[in-house]
Amino acid sequence: PQNTQFVLEVLRLVSENDLIAEVGGGTGNYTRKLLGLFPKVGMTFIEPSPEMMAFAKKRLSDLPTQITFLEKTLDQALPELEPHDLFIFQRSLYSFYSDIKEYEVMARRLYGKTAPGGRIAIHELGEKYDIGQMRQYIPAAQAQSKLSEVEFEESARIFLEVLQEFNEAVDRKIFTLFKPEQLVSIFTAAGYTLLNQEGTTYFF
């Protein structure tokens with residue numbers, strides 16, 4: 001539900017011919033939802049994982065949108081980017097660095113690649129996953145799934161493993177969970193103006 005709500009909120013920031021970058025786009029699931037509604041935007045899809053990028057290219061291959069795929073980290077991609085009208089971080093920012101100081105440097109560099117009047121949209125994870133709660137969610141998900149029982153059971157197993165790996169990475173300080181005031185401070189210090197912040201979504 002939070003993912004869908006973020007899509008709707010971002011739509012208010014998009015104009016038809018904008019140049020948009022999704023940073024840490026993963027398998028392109030969110031990107032496809034956005035481009036289905038705004039096919040005439042220009043899209044830069046940044047994702048460093050070869051495995052994720054392969055899924056994304058397949059998922060987005062039938063869309064009419066002009067998409068530039070960059071299999072790079074944001075740090076690697078920034079020098080060659082032209083200014084963009086909107087940068088989207090959909091549950092990806094937590095994985096970039098383990099040091100807040102590095103996020104401060106990134107935000108300043110990003111500001112130089114944000115077009116005049118450009119925006120930043122961020123949906124983050126505010127806490128570790130409640131694995132017990134997620135287990136309770138699985139039967140409802142299975143009822144709506146089109147997968148076979150065997151396929152669903154395997155998907156559910158992987159799902160829970162990934163959530164546990166995320167929690168462990170937070171404990172080891174590989175991933176960064178932000179307090180709202182931290183992200184606001186990072187981006188306003190870089191030159192952005194806070195437009196709205198609610199829960200774990202931020203718009204600058």
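**Exercise 1.** In which strand is the place of Leu86? Determine also whether Leu86 is buried or exposed, and list its contacts beyond the neighbours in sequence.

*Solution.* The model under study is a predicted one.
Step 1. Leu86 lies in strand β4.
Step 2. The relative accessibility of Leu86 is 0%. Buried means under 20%, so Leu86 counts as buried.
Step 3. With neighbours within four places in sequence left aside, Leu86 touches Val10, Leu13, Val14, Leu19, Ile20, Ala21, Arg119, Ile120 and Ala121.
Step 4. Lys113 stands 27 residues from Leu86 along the chain, and the C-alpha atoms of the two are 10.0 Å apart.

**Exercise 2.** Identify the buried residues of helix α2, and explain how they are arranged around its axis.

*Solution.* 
Step 1. Helix α2 covers residues 29-37, and its buried residues are Tyr30, Thr31, Leu34 and Leu35.
Step 2. Viewed down the axis of α2, these buried residues fall within an arc of 120 degrees, and therefore they line one face of the helix.
Step 3. On the face turned away from the buried side, α2 carries the exposed residues Gly36 and Leu37.
Step 4. The packing partners of the buried residues of α2 are the helices α1 (2-11) and α3 (50-60), together with the strands β1 (19-23), β2 (42-46), β3 (66-70) and β4 (84-90).

**Exercise 3.** Describe how helix α6 is placed relative to helix α7.

*Solution.* 
Step 1. Two packed helices are described by the angle between their axes and the distance between the axes.
Step 2. The axes of α6 (residues 131-144) and α7 (residues 149-171) come within 11 Å, with a crossing angle of roughly 155 degrees.
Step 3. Angles over 145 degrees count as roughly antiparallel, so α6 is roughly antiparallel to α7.
Step 4. The crossing of α6 with α7 is right-handed.
Step 5. By class, nine nonpolar, three polar and two charged residues form the contact of α6 with α7.

Conventions: Residues are numbered from 1 along each chain as its sequence is written. This is a predicted model: local features need pLDDT of at least 70, side-chain atom pairs count only at pLDDT 80 or more; totals for chains, interfaces and linings use all residues. Side-chain values use heavy atoms; hydrogens and water are left out. Buried means under 20% relative accessible area, exposed over 50%, partly exposed in between (1.4 Å probe, protein chains only). Helices (H or I, at least four residues) and strands (E, at least two) are DSSP runs, numbered from the N terminus. The arc is that of the directions from the helix axis to the C-beta atoms. Contact means heavy atoms within 4.5 Å. Axes are lines fitted to C-alpha atoms, for helices over the stretch in contact, and angles run from 0 to 180 degrees between N-to-C directions. Angles under 35 degrees count as roughly parallel, over 145 as roughly antiparallel, 65 to 115 as roughly perpendicular and the rest as oblique. A crossing is left-handed if the near helix is turned anticlockwise from the far one by less than a right angle, and right-handed if clockwise. Ala, Val, Leu, Ile, Met, Phe, Trp, Tyr, Cys and Pro count as nonpolar, Asp, Glu, Lys and Arg as charged, and the others, Gly among them, as polar.
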